[in-house]
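I opened the structure to look up a few things about its helices, its loops and its backbone. These are my entries.

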Amino acid sequence: MSDTERGSSVLQSKRDATRYQILVEIAERQPAVSQQEVADAIGVTAQAVSDYLGGLVEEGFVEKGGRGRYEVSKEGVDWLIGRTDELRAFTDHVAEDVIEQVEIETALATDAIEEDQSVTLSMADGVLRATPGEAGAATAVAITGSEAGADVGITDVEGVLDYELGRVTVVSLPRVHEGGSSVADPDTLGEYAASHDLVATAGTEAVAAACTAGLDPEIRFGTPEAVREAATKG
């Protein structure tokens with residue numbers, strides 16, 4: 001089970017999330033527990049807390065003493081620990097794998113760059129580039145060292161990146177059993193290619209259409225099916 005799946009047991013179940021919060025509040029206040037205080041703390045009604053408490057007592061997660069006296073049992077503590085470990089694993093996954101990926105970008109170093117050095121960002125030939133110093137409108141901080149021409153990790157991007165907009169023309173082809181490359185006009189494809197810098201294909205039908213038009217694609221994307229097949233053979 002993945003970290004995401006483990007964490008979702010509490011986050012996706014309103015019942016489990018409420019039970020978790022109630023057990024935490026009881027553990028903080030026991031043995032004298034005011035249901036209204038618990039309700040106010042977690043944002044539900046006192047009646048809802050009472051209903052949940054009845055279930056928790058029945059399951060053996062909470063032990064009831066006299067009036068207004070509740071304690072989390074060993075079973076309840078074990079359940080809390082289990083859910084807390086799941087949440088910790090999930091938040092670690094978010095912090096280390098999700099947020100870190102979002103915050104870190106990759107650029108091509110135009111010169112030698114040291115770790116933690118400020119850089120200026122620019123776009124050239126469709127590639128994000130980083131130059132030592134803060135001379136441009138968009139800046140960042142390098143998280144890795146890099147030689148000129150190598151990739152460098154950057155974060156803390158500020159400003160607006162200045163770049164020229166390009167134009168992409170997409171020609172959609174049907175699958176082979178619906179006509180495939182035969183429906184594409186080679187002359188039209190040639191005209192499109194002549195007015196663009198790059199020709200890219202995705203799928204065998206696209207490769208066949210490009211060949212018929214006398215084009216040599218600079219970029220070839222595999223179909224999802226082909227990528228999955230290649231991955232299983234790797």
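Before anything else I wrote down the terms for accessibility: buried means under 20% relative accessible area, exposed means over 50%, and partly exposed lies in between (1.4 Å probe, protein chains only). I also noted that this is a predicted model, in which local features need pLDDT of at least 70, side-chain atom pairs count only at pLDDT 80 or more, and totals for chains, interfaces and linings use all residues. Residues are numbered from 1 along each chain as its sequence is written, and side-chain values use heavy atoms, with hydrogens and water left out.

**Entry: strand β7**

I looked up aspartate 156, which lies in strand β7 (residues 151-159). Strands (E, at least two residues) and helices (H or I, at least four residues) are DSSP runs, numbered from the N terminus. Is aspartate 156 buried or exposed? Its relative accessibility is 52%, so aspartate 156 counts as exposed. Its phi is positive, about 55°, although aspartate 156 is not a glycine. I noted the general rule that most residues other than glycine have a negative phi.

Threonine 155 is also placed in strand β7. At 14% relative accessibility, threonine 155 counts as buried. I then listed its contacts, where contact means heavy atoms within 4.5 Å. Leaving aside neighbours within four places in sequence, threonine 155 touches Glu103, Ala140, Val141 and Ile143.

**Entry: backbone in the loops**

I found aspartate 116 in the loop between β3 (105-109) and β4 (118-124). Aspartate 116 is not a glycine, yet it has a positive phi of about 70°. Its relative accessible area is 58%, so aspartate 116 is exposed.

Which residues does a cis peptide bond join? I found glutamine 30 and proline 31, with omega about 5°. Proline 31 sits in the loop between α2 and α3. In general, most peptide bonds are trans.

**Entry: α2 against α3**

Two packed helices are described by the angle between their axes and the distance between the axes. Axes are lines fitted to C-alpha atoms, for helices over the stretch in contact, and angles run from 0 to 180 degrees between N-to-C directions. The axes of α2 (residues 14-29) and α3 (residues 35-42) come within 10 Å and cross at roughly 130°. That makes α2 oblique to α3. Angles under 35 degrees count as roughly parallel, over 145 as roughly antiparallel, 65 to 115 as roughly perpendicular, and the rest as oblique.

On the α2 side, the contact is made by Thr18, Gln21, Ile22, Glu25 and Arg29, and on the α3 side by Glu37, Val38, Ala41 and Ile42.

I also checked burial in α3, where Val38, Ala39 and Ile42 are buried. Seen down the axis of α3, these buried residues fall within an arc of 100°, so they line one face of the helix. The arc is that of the directions from the helix axis to the C-beta atoms. What covers the buried residues of α3 includes α2 and α4 (46-59). Just after α3, glycine 43 has a positive phi of about 80°.

**Entry: α2 against α4**

The axes of α2 and α4 come within 10 Å and cross at roughly 85°. That makes α2 roughly perpendicular to α4. From α2, Lys14, Arg15, Thr18, Arg19, Ile22, Leu23 and Ile26 meet Val49, Tyr52, Leu53, Leu56 and Glu59 of α4.
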